[in-house]
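Student: I have a new structure open. Can you walk me through it?
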Amino acid sequence: MYLSRSAEWSALVSHFQDSVNQSMAELFVSDTERAERFSLSLKGVHLDYSKNRITPRTMELLMDLVRRSDIEKKRQAMFEGERINFTEARAVLHTALRRPQDYSMTIDGEDVPAEVSSVLEQMRLFCDQVLSGQWRGYTGERMTDVVNIGIGGSDLGPYMVTEALKSFAHGKLRVHFVSNVDGSHLAETLKGIAPETTLFVVASKTFTTQETLANAMSARAWFLAGAGNQAHVARHFVAVSTNREKVEEFGIDASNMFRFWDWVGGRYSLWSAIGLSIALYLGFDRFSELLAGAHAMDEHFLNAPLEQNMPVILALLGIWYNNFFGAHSQAFIPYDQYLHRFPAFLQQLDMESNGKRVDRNGVETDYATGPVIWGEPGTNAQHAFFQLLHQGPAIIPVDFIIPLKTRNPAGEQHDMLVANCFAQSEALMRGKSEAEARLELEAAGYSGDDLQKLLPHKVFPGNRPTNTIVLDELDPFTLGSLIALYEQKVFVQGVVWNINSFDQWGVELGKQLAKAILPEFGSVTPADSHDASTNALINRYRKFRKSQKPQKIDQLSIF
């Protein structure tokens with residue numbers, strides 16, 4: 001039966017109508033065990049979801065909904081390598097990348113644990129060579145900088161992790177990330193490094209991704225402007241790819257190509273050889289701890305009862321607000337500067353996975369699927385968009401993330417940070433009533449018309465839902481668990497919504513059209529094959545290009 005016509009869905013609609021005006025503050029008063037009832041802990045990760053507009057009955061009905069989707073069977077199918085990405089006929093096995101190699105699995109004739117183990121060992125040996133100084137550049141100097149050239153999952157994941165774990169870096173290498181095809185991104189990166197001590201990691205599964213290859217060719221030109229001999233490319237460029245022919249054509253020795261597989265989706269690929277820049281920056285042992293943390297969350301997701309399962313609970317809470325409250329946006333606020341790229345990482349993970357308008361049967365859904373994901377670190381966010389969260393017209397659920405231990409103690413700053421995090425979730429839940437606001441204004445000396453004019457602006461509706469995820473500390477293990485928590489949450493939501501969370505056809509159309517437009521910039525006849533707006537924009541750009549004086553081709557030009 002279609003999801004929105006199911007008995008489980010109807011029961012939730014009725015429950016929503018009966019409970020929509022329930023006050024969370026009152027629920028806390030009436031249930032002294034509420035915080036404990038709606039909390040879970042797992043190996044350094046604690047989830048408090050008690051500040052949600054839920055009761056035990058809400059969770060029972062949401063559990064009925066997820067069981068309707070046959071979640072246990074579909075979860076097992078993913079872990080066992082079935083081709084659950086049916087539009088691309090691919091397995092979805094990023095979980096195998098962080099799984100101890102004491103199991104058997106074959107995909108397309110390949111021994112999965114043996115393949116994964118082989119690449120991990122290749123990564124370990126390469127990291128040891130670079131960090132020990134055995135691997136040196138064309139002048140005999142040690143490497144000092146690593147530049148990761150990729151886009152999407154080949155950039156967002158590794159970049160986020162290296163920023164999050166910066167305090168665990170060994171200090172022998174600096175790491176840089178280039179993703180934007182805007183030449184300014186590469187140019188600014190190359191200003192502070194030297195060709196003779198720089199290692200480039202070109203991350204592209206097919207080695208044909210337009211933006212990545214454009215940046216890689218420009219980096220190669222910059223390198224050769226200093227190194228001169230093309231043979232030196234092999235000591236300064238390595239590839240993470242599946243296309244040996246294109247890698248060798250670029251000038252990279254095939255022995256320095258780190259492979260991965262079709263069953264590794266881009267946004268799930270930081271656990272694979274795409275994480276080479278992570279391993280180089282932190283050391284392979286730290287990278288292994290990251291994998292171990294993710295595996296611990298995988299085991300929890302696979303084995304914990306649904307009622308005590310962190311990814312399942314987060315997924316169902318998201319569905320509750322998205323589909324029944326009409327809250328089609330969710331904010332993620334890490335109270336840790338090291339996690340400043342985490343919201344951007346979650347944007348791709350969630351919106352590229354579940355931003356789908358048709359279900360697995362090709363039928364357009366009449367219910368919302370993936371929400372808009374956004375956020376910034378606290379406390380800066382408090383002074384930017386928290387006004388909207390507290391007093392805006394829409395309900396926007398928030399996930400707060402905070403480590404109890406800071407890597408950089410300084411005065412009372414961490415105490416202030418934690419206090420702000422806890423206070424914001426309390427404030428969003430409690431709000432401020434008109435009576436409370438009136439008393440405050442009277443205490444401040446307001447009365448009469450002045451008080452009445454100001455009063456509406458001082459009221460906070462409250463009853464706004466939040467989750468608080470508390471880490472003992474932000475280290476490789478807990479970060480791995482945190483990432484896997486959200487990966488599996490997204491999977492569960494896709495299962496309930498009956499969509500394929502593992503393809504991304506929506507990424508392709510714009511790229512296809514860009515390939516058609518690019519050669520038109522060199523045409524001598526006006527563009528006329530597009531709509532009037534696009535034709536006018538193309539012709540305007542061509543006119544501008546023609547008006548410019550010829551520029552000398554420098555080392556950043558694309559060959």
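Student: What should I know before starting?

Tutor: This is a predicted model, in which local features need pLDDT of at least 70, side-chain atom pairs count only at pLDDT 80 or more, and totals for chains, interfaces and linings use all residues. Residues are numbered from 1 along each chain as its sequence is written, and side-chain values use heavy atoms, with hydrogens and water left out.

Student: What is the order of strands in the open sheet of six?

Tutor: The order is E1-E2-E13-E12-E10-E11, with mixed pairing. Helices (H or I, at least four residues) and strands (E, at least two) are DSSP runs, numbered from the N terminus. Two strands pair if DSSP finds at least two bridges between them.

Student: Which strands stand at the edges?

Tutor: Strand E1 (39-42) and strand E11 (372-374). Each has a single partner strand, so one side of each is left without a neighbour in the sheet. On average, neighbouring strands here are turned by 15° against each other, direction ignored.

Student: In what sense do E2 and E13 pair?

Tutor: Antiparallel, over four bridges, between E2 (residues 45-48) and E13 (residues 466-473). His46 stands opposite Val470 in E13.

Student: Which strands does helix H14 lie across?

Tutor: H14 (residues 310-325) lies across E1, E2, strand E12 (398-405) and E13. H14 runs at about 140° to E1. Axes are lines fitted to C-alpha atoms, for helices over the stretch in contact (heavy atoms within 4.5 Å). Angles run from 0 to 180 degrees between N-to-C directions.

Student: Now the sheet of five strands. What's its order?

Tutor: E6-E5-E7-E8-E9, an open sheet with parallel pairing. Strand E6 (174-178) and strand E9 (257-258) are at the edges. Strand E5 (residues 145-149) pairs with E6 over five bridges. There, Val146 has Val175 as its bridge partner. Helix H8 (residues 183-190) lies across E5, E6 and strand E7 (198-203), at about 165° to E6.

Student: New topic: H6. How many residues does it have?

Tutor: H6 (residues 112-132) has 21 residues. From its first C-alpha to its last it reaches 30 Å, close to the 30 Å expected at 1.5 Å a residue. The expected span is 1.5 Å times one less than the number of residues.

Student: Which residues of H6 are buried?

Tutor: Among them are Val112, Val116, Val119, Met123 and Phe126. Buried means under 20% relative accessible area, exposed over 50%, partly exposed in between (1.4 Å probe, protein chains only). Seen down the axis of H6, its buried residues fall within an arc of 165°, so they line one face of the helix. The arc is that of the directions from the helix axis to the C-beta atoms.

Student: What follows H6?

Tutor: Gly133, whose phi is positive, near 90°.

Student: And H7: at what angle does it pack with H15?

Tutor: H7 and H15 (residues 342-354) pack at about 145°, with axes 9 Å apart. On the H7 side the contact includes Gly153 and Met160; on the H15 side it includes Phe342 and Gln348.

Student: Where is Val161, and is it buried or exposed?

Tutor: Val161 is in H7 (residues 153-164). Val161 is buried, with a relative accessible area of 0%.

Student: What does Val161 touch?

Tutor: Leu270, Ile278, Leu290, Leu479 and Ile483, not counting residues up to four places away in sequence.
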